[in-house]
Protein chains: 2
Amino acid sequence: MNGSGNQINTSKCGNTLCSSYVTPKEIEEIRLNLDDDWKVLRSIYDLLIDEKAFCCNNTEWNEKIVQFVQPADLKNLIDFKIEENQTKTIEDIKKLCREVIKYSVKTSHGRFHNQLFGQMDPYGLAGSWITEAVNTSAYTFEVAPVFSLMETEIIRKVCELCGYGQGDGIFSPGGSISNMYAIVLARYKRFPNIKSTGMFGLPPLVLFTSEESHYSFKKAANWLGFGVDNCIIVKTNDKGQMLVEDLEKQILLVKSQGKVPLFVNATAGTTVLGAFDDFEKVADVCEKYDLWMHIDACLGGSSLLSYQYRCLLKGIERSNSFSWNPHKSLGAPLQCALFMTRETELLPQCNSLAVHYLFQQDKYYDVSYDTGNKSVQCGRKIDAFKFWLMLKARGYGGFGRLLDHALDMSKLFAKKLQQREGFRLVLDEYQYTNICFWYIPKKMRNCKETEEWKLKLYEIAPKVKELMILQGTLMVGYSPLQYRNIGNFFRMVFTCFPVMDEKELDFILNEIERLGEECVL
Amino acid sequence: MNGSGNQINTSKCGNTLCSSYVTPKEIEEIRLNLDDDWKVLRSIYDLLIDEKAFCCNNTEWNEKIVQFVQPADLKNLIDFKIEENQTKTIEDIKKLCREVIKYSVKTSHGRFHNQLFGQMDPYGLAGSWITEAVNTSAYTFEVAPVFSLMETEIIRKVCELCGYGQGDGIFSPGGSISNMYAIVLARYKRFPNIKSTGMFGLPPLVLFTSEESHYSFKKAANWLGFGVDNCIIVKTNDKGQMLVEDLEKQILLVKSQGKVPLFVNATAGTTVLGAFDDFEKVADVCEKYDLWMHIDACLGGSSLLSYQYRCLLKGIERSNSFSWNPHKSLGAPLQCALFMTRETELLPQCNSLAVHYLFQQDKYYDVSYDTGNKSVQCGRKIDAFKFWLMLKARGYGGFGRLLDHALDMSKLFAKKLQQREGFRLVLDEYQYTNICFWYIPKKMRNCKETEEWKLKLYEIAPKVKELMILQGTLMVGYSPLQYRNIGNFFRMVFTCFPVMDEKELDFILNEIERLGEECVL
């Protein structure tokens with residue numbers, strides 16, 4: 001809290017009126033250069049193709065996903081240093097871009113299955129390039145006329161599909177922030193005065209979420225002033241679904257402690273196991289105790305579009321809100337995250353302030369098209385267009401079929417795992433596209449499965465992962481499940497893109513077996 | 001809170017193992033089409049050029065900035081409807097994209113001065129296109145090796161430039177969220193237990209910010225559980241700078257009420273007047289009362305790079321944190337927002353949770369390069385690369401000179417306004433690049449300036465703005481200053497791009513005069 005840092009260098013500070021420090025000649029030169037600078041954009045597509053940023057076609061899947069270099073070495077390969085006077089030509093810049101692409105992970109490579117997102121939909125990328133080029137903010141119709149109407153249309157359609165009928169929503173910078181929207185709305189609905197006077201005078205307000213749910217609820221509890229301890233963790237069953245009896249028990253316990261149960265998060269597609277909670281049962285409990293019911297459907301919200309698996313979301317229409325990230329399963333480029341609520345007026349009521357420099361009421365158009373009042377942000381990135389373009393290109397039914405196929409593939413993958421020696425599923429059955437499993441190297445098979453054996457097994461996934469990265473052939477994530485005292489296993493995730501087939505499933509199993517044997521040599 | 005919505009349609013729900021609902025033949029077809037779909041990217045650049053998305057060269061500045069259409073009419077011009085089975089060919093998609101660009105506001109047009117951002121730096125756009133194409137998330141070095149090191153380098157360099165020396169930082173989805181980071185850190189440093197148990201047991205914690213400051217502090221006070229009333233508004237002087245005597249008075253008042261002063265926000269470049277608070281004086285008060293000093297430098301942080309105007313930030317090295325949006329003055333595409341703090345360990349301490357599926361400690365590289373533990377988000381868009389590429393291309397000194405020029409131009413513009421009949425400055429003197437002024441139509445000159453006259457004057461800016469939009473010749477924002485009981489005036493903003501010259505300043509004044517006379521006819 002003292003001036004221990006150095007002062008900023010103000011030696012050239014003048015603040016003189018029209019000092020013309022930068023001469024007209026220099027300005028003319030900068031302008032001429034700028035005309036050239038814009039041409040760099042013409043070469044970006046070719047650069048990406050040259051450097052194989054999109055190994056989208058399965059004939060290209062033998063290309064490396066990543067050329068891995070340790071952090072310290074990477075610093076020597078790319079000149080990261082930012083300096084005052086070092087300028088670059090277009091050719092230098094292209095060379096730099098080439099290196100950046102070369103050492104980046106190709107997430108649109110068909111063998112990248114490391115996160116909940118996979119390959120992109122090219123129409124999504126087209127939309128995002130145009131979004132970037134048009135470079136505007138989502139707060140007003142004035143500066144985002146087309147994009148405002150797109151956001152509205154997407155929200156309207158999602159309200160229809162999920163059974164809300166009437167409702168509202170907003171694109172947010174990601175699932176964690178969508179989940180914060182939900183908590184803040186729940187709090188505002190029950191205690192509208194918190195907007196003015198804060199949470200200080202109140203008994204502790206309590207959030208509930210399952211042990212399988214995402215960590216963003218604890219992060220939100222910290223940020224929003226509830227405290228992590230007031231985010232109560234509810235137990236799950238074998239499949240990773242919230243135990244609704246335990247939820248009710250915890251609610252009663254919290255009440256008996258003089259605290260106020262406020263908010264329940266149920267999950268549609270948990271991060272590790274891909275579990276869907278039983279929303280009808282959770283809704284019953286929420287209605288009984290008058291709690292806000294939110295669904296973290298960041299992963300599983302896409303099943304709204306699936307024909308065969310939509311039933312996983314049964315009861316979603318009874319929720320007060322949900323989060324859904326089309327940048328996960330559907331192939332929308334990051335970030336593309338929706339927060340949806342059944343409460344039609346609550347978003348602007350809770351979040352708006354009268355802001356006169358931006359949301360003037362004396363405009364030349366119907367200002368109800370300005371969406372900024374619903375947002376906690378001021379400037380807000382346009383995330384609607386890329387998703388809208390994807391939906392236009394394929395119809396939402398097209399994504400339904402791709403998702404059905406991804407789910408079919410995940411089930412076929414699980415079946416193969418069950419039947420193949422050396423592989424073992426973590427769960428007997430999976431609800432969604434995450435398939436969790438171990439590889440048991442030959443040397444470890446037919447042994448007594450002692451604690452020591454298990455600890456050795458849990459080391460396999462990180463070792464195989466290291467080899468995957470070093471060889472660049474495949475990327476599949478791994479995770480432990482600490483609340484069950486289970487160590488590392490692989491988590492394979494199926495998404496709309498890449499579009500998989502049976503041969504590719506065999507490749508993945510063969511490759512893990514190959515690397516698994518290599519790492520125990 | 002009941003099932004008033006409709007149930008989702010689950011008529012086709014099967015959940016049968018490997019039902020092969022989507023046939024191998026259909027999959028093959030989708031894959032073949034996908035190969036073609038990727039080619040759409042090849043045409044995006046040409047489409048943007050054709051539709052004049054970048055009127056970057058001043059020979060093109062007579063092109064329309066926007067082809068304005070009322071919301072209801074726009075719905076008839078573009079088919080916004082999302083449907084289940086309507087699919088499109090690449091040609092259809094290109095046509096749609098063309099329409100989207102056509103009816104969007106061209107914010108990179110050299111006559112767009114409507115927001116705090118202006119034209120983009122083409123290298124920024126090149127960086128953002130590659131970022132979108134590589135499509136990854138900032139949480140781990142594993143999936144963002146190059147980008148993680150870039151973020152680290154930018155943060156290191158900014159710490160050096162601002163005089164923090166050692167420090168930390170993170171890219172966030174915008175200034176509002178950066179400002180929330182600051183408040184949450186301040187709260188955590190003083191009351192670390194809030195992370196566990198929340199704010200319930202505490203006396204009210206109070207934030208201070210000036211009447212000229214951004215509304216995001218009130219929004220943050222709502223979200224973070226303080227309540228808007230605990231965000232105390234400090235008075236300003238004629239220039240729009242926080243009155244530090246009033247700050248001290250308010251702090252003492254709050255203390256006398258049994259509340260706890262926690263956090264002071266000073267502003268570097270206020271939204272409307274572009275005012276810079278006196279950071280040395282604010283720092284003295286913060287040190288005296290042991291308060292966290294944050295600077296909202298979302299707009300004015302860029303002056304760190306300016307040679308002549310860096311002195312506006314004197315004392316920034318004494319702050320605990322600041323927010324800076326390179327997407328404003330510098331021409332980085334939206335979103336590009338930095339949160340910086342002098343506290344080296346606080347970001348991860350405050351925001352981290354042990355998350356085992358993502359931040360495994362048994363990785364094959366030095367996990368200190370994983371930045372996700374510092375963030376309130378999980379997935380986080382890569383916002384560093386575009387800015388890094390700009391800085392590489394021009395050196396940060398290049399932006400310093402462009403900013404010096406923008407500031408010179410703003411001062412010349414103010415001088416012209418002072419000398420020209422029919423124009424009147426709102427302030428006598430401006431510290432930064434925002435110049436606020438009225439246009440007084442001929443009919444209204446040399447009249448007694450009654451309350452009625454003033455109300456008439458305040459109607460001019462909205463009317464001129466409407467004509468600007470309808471004719472598409474110029475976009476300059478307007479605003480009132482309600483806390484001073486002042487009605488609408490124009491706010492002209494100078495940024496690095498477009499690179500302006502004196503002729504262009506005259507165009508703006510002539511155009512406002514032309515439209516101003518037209519609207520009183």
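## Helix H6 of chain A

In chain A, helix H6 is mostly covered, with 15 of its 18 residues buried. Buried here means under 20% relative accessible area. The model is predicted.

Helix H6 of chain A runs over residues 145-162. At 1.5 Å a residue, its 18 residues should span 26 Å, and the end C-alpha atoms are 26 Å apart, so the two values agree. Just after this helix, A:Gly163 has a positive phi of about 90°.

## How the two chains are related

Two copies of a chain are related by a rotation about an axis and a shift along it.

The contact between the copies can be described in a similar way. Of the interface residues of chain A, 100% are also interface residues in chain B, so the copies meet through the same surface.

## The largest pocket

The largest pocket holds about 650 Å³ of space. It is lined by 23 residues, and the closest to its centre are B:Thr152, B:Gly167, B:Asp168, B:Ser368 and B:Lys374.

Which element gives the most to the lining of the largest pocket? It is helix H6 of chain B, residues 145-161, with six residues. By type, the lining of the largest pocket has ten polar, seven charged and six nonpolar residues.

How values were computed
Residues are numbered from 1 along each chain as its sequence is written. Chains are lettered from A and ligands numbered from 1 in the order in which they are written. This is a predicted model: local features need pLDDT of at least 70, side-chain atom pairs count only at pLDDT 80 or more; totals for chains, interfaces and linings use all residues. Side-chain values use heavy atoms; hydrogens and water are left out. Helices (H or I, at least four residues) and strands (E, at least two) are DSSP runs, numbered from the N terminus. The expected span of a helix is 1.5 Å times one less than its number of residues. Buried means under 20% relative accessible area, exposed over 50%, partly exposed in between (1.4 Å probe, protein chains only). Contact means heavy atoms within 4.5 Å. On a 1 Å grid over the protein atoms alone, a cavity is a set of points where a 1.4 Å probe fits but cannot get out, and a pocket is an open set with protein on both sides within 12 Å along at least five of seven lines; lining residues have an atom within 4 Å of a point. Grid points are joined across faces, edges and corners, and a volume is the space filled by probe spheres set on the points. Ala, Val, Leu, Ile, Met, Phe, Trp, Tyr, Cys and Pro count as nonpolar, Asp, Glu, Lys and Arg as charged, and the others, Gly among them, as polar.
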